Amino acid sequence: MSLIKVIGNKAMAALAVIFTLFSSTAVFAQEAAAIAKPVDMEPVYRSTIFYVLLFLLACLFIAIVGKALKVYELTRETQGKSEGINWDLINAVLFVIFLIVGLYGVYFEYTVHGKMILPEAASEHGKKIDQMFEITLILTTIVFIATHIVMFVFTYIYRYNKARKAYYYPHNNMIERIWTIVPALVLTVLVLMGFLTWRSIFHKVEDPNNKPLSVEVTSSQFQWDIRYPGKDGIVGKKNYKLVTSTNNLGIDFNDRDSQDDLVADEIVLPVNKAVRFTLTSKDVIHSFYMPQFRVQLNTVPGMPTQFEFTPTITTDEMKAKTGDPNFHYVLLCSKICGTNHFNMQKVVRIVSEKEYEEWLTNQKPYLTDDLRKAFNLPVTAPAKPADSTATASVKPSAENQLALKK
Ligand SMILES: [Cu+2]
């Protein structure tokens, strides 16, 4: 059934009137008590039903105008007169108006909303990603604008005309070749660029003299737990079977690398130094997202993932650049992981190497006296032996051994 038929139907019209009356009564019912006061329209303007009604009203208006025009046309027809309205011309002009309004819309989106996309990249690889994004955007914009102009202008120029006969032109091999080969080449270049950029981000050749800083992040509903390595630079092992009320991350303190690990409340990183995040999750899949650094990777239970990058702009420099004294980098969760997903945020601070070292010395170790007792470790911190074979001499507690066997 066409829209006109639906709207023209008497039963449908009656239903629309009843629906309109009922809905407006429902909207205004809440205001009934305050008869003397002027009606506050604010909640009405914010309700969805208001806009649904407005839309229905617009449809009804268009339908009435359509009906009136139809009556006019039929009257002319019965009187034996020629068609009064040139619908072909009207449609052709509407196409051109649509093109102009649409192109203005594109301009508006690029200039107004375009400023709201990601802020300046503050990492080395971030610049490459932005460059790729820009190239793709420029190419697609050119194609988008060109094809739309051709499509709508041709519709206008070649609108129906009694005096003209359409030229039959079914096939041209050259045109087919051009519009197959050119997009194929462009897409190959774009895909290759993406592939190479991806490789440069995820397949780093490690320089043994300049190892990246290791930081471990554990996500859970709804928080991030951050673990920094101690002096050894290695974040120790953990095992979900060791999770207890005192050992919330299940850190295996039998591993000597774990014993000097540090708890941190915020992420602080030295500028221009590579950092490798090891990401894990305790419950569901979360997503480690730092928009300013163009870093985003899922944190998956049972499968550690890694992301290495180099921050290039300190928080203070960014404050000066953006002119915002309250600016700070953030870590967010970009996976809708549950009711408090929106609240999974952490401040990230990029500082100078010196400030970083200072901050690091103020961080508390994970290994508390309670945990030492639980792992049968001496309560006063032992000096770390040079060789790692000493690990074997640390006897794990029966409780933890049992937990590991489970
Ligand atoms: Cu999350």
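User: Which residue in E10 is the bridge partner of tyrosine 329?
Analyst: Tyrosine 329 has valine 348 as its bridge partner in E10. Strands (E, at least two residues) and helices (H or I, at least four) are DSSP runs, numbered from the N terminus. This is a predicted model, in which local features need pLDDT of at least 70 and side-chain atom pairs count only at pLDDT 80 or more, while totals for chains, interfaces and linings use all residues. Residues are numbered from 1 along each chain as its sequence is written.

User: How do E9 and E10 pair, parallel or antiparallel?
Analyst: Strand E9 (residues 329-333) and E10 pair in the antiparallel sense, over four bridges. Two strands pair if DSSP finds at least two bridges between them.

User: And what about E4 and E10?
Analyst: E4 and strand E10 (residues 345-351) run parallel and are joined by four bridges. Valine 268 has arginine 349 of E10 as its bridge partner, and proline 270 stands opposite valine 351 in E10.

User: What is the strand order in the whole sheet?
Analyst: The order is E4-E10-E9-E6-E7, five strands in an open sheet with mixed pairing. Strand E4 (267-270) and strand E7 (295-299) are at the edges with a single partner strand each, so one side of each has no neighbour in the sheet. On average, neighbouring strands of this sheet are turned by 20° against each other, direction ignored.

User: Which helix lies across E4 and E10?
Analyst: Helix H10 (residues 353-361) does, running at about 140° to E4. Axes are lines fitted to C-alpha atoms, for helices over the stretch in contact, and angles run from 0 to 180 degrees between N-to-C directions.

User: Changing topic: which residues are annotated as transmembrane region?
Analyst: The unreviewed UniProt entry annotates residues 48-69, 89-108, 135-158 and 178-198 as "transmembrane region". UniProt positions are given in the numbering used here, feature names are shortened, and annotations may be inferred rather than shown by experiment. In the model, residues 48-69 are 100% helix and 0% strand, with end C-alpha atoms 32 Å apart. Residues 89-108 are also 100% helix and 0% strand, with end C-alpha atoms 28 Å apart.

User: How do H5 and H6 cross?
Analyst: The axes of helix H5 (residues 87-111) and helix H6 (residues 124-157) come within 8 Å and cross at roughly 160°. That makes H5 roughly antiparallel to H6; angles over 145 degrees count as roughly antiparallel, under 35 as roughly parallel, 65 to 115 as roughly perpendicular and the rest as oblique.

User: Which residues make that contact?
Analyst: Among them are Phe95, Phe98 and Leu99 of H5, and Ile149, Phe152 and Tyr156 of H6. Two residues are in contact if their C-beta atoms, placed from the backbone, lie within 7 Å. The contact of H5 with H6 has 10 nonpolar, three polar and no charged residues. Here Ala, Val, Leu, Ile, Met, Phe, Trp, Tyr, Cys and Pro count as nonpolar, Asp, Glu, Lys and Arg as charged, and the others, Gly among them, as polar.

User: And how do H6 and H7 cross?
Analyst: The axes of H6 and helix H7 (residues 173-202) come within 10 Å and cross at roughly 170°. H6 is therefore roughly antiparallel to H7. By class, the contact of H6 with H7 has seven nonpolar, five polar and one charged residues.

User: Where is the cis peptide bond?
Analyst: The cis bond joins glutamine 221 and phenylalanine 222, with omega about 0°. Phenylalanine 222 is in the loop between strand E1 (213-220) and strand E2 (223-228).
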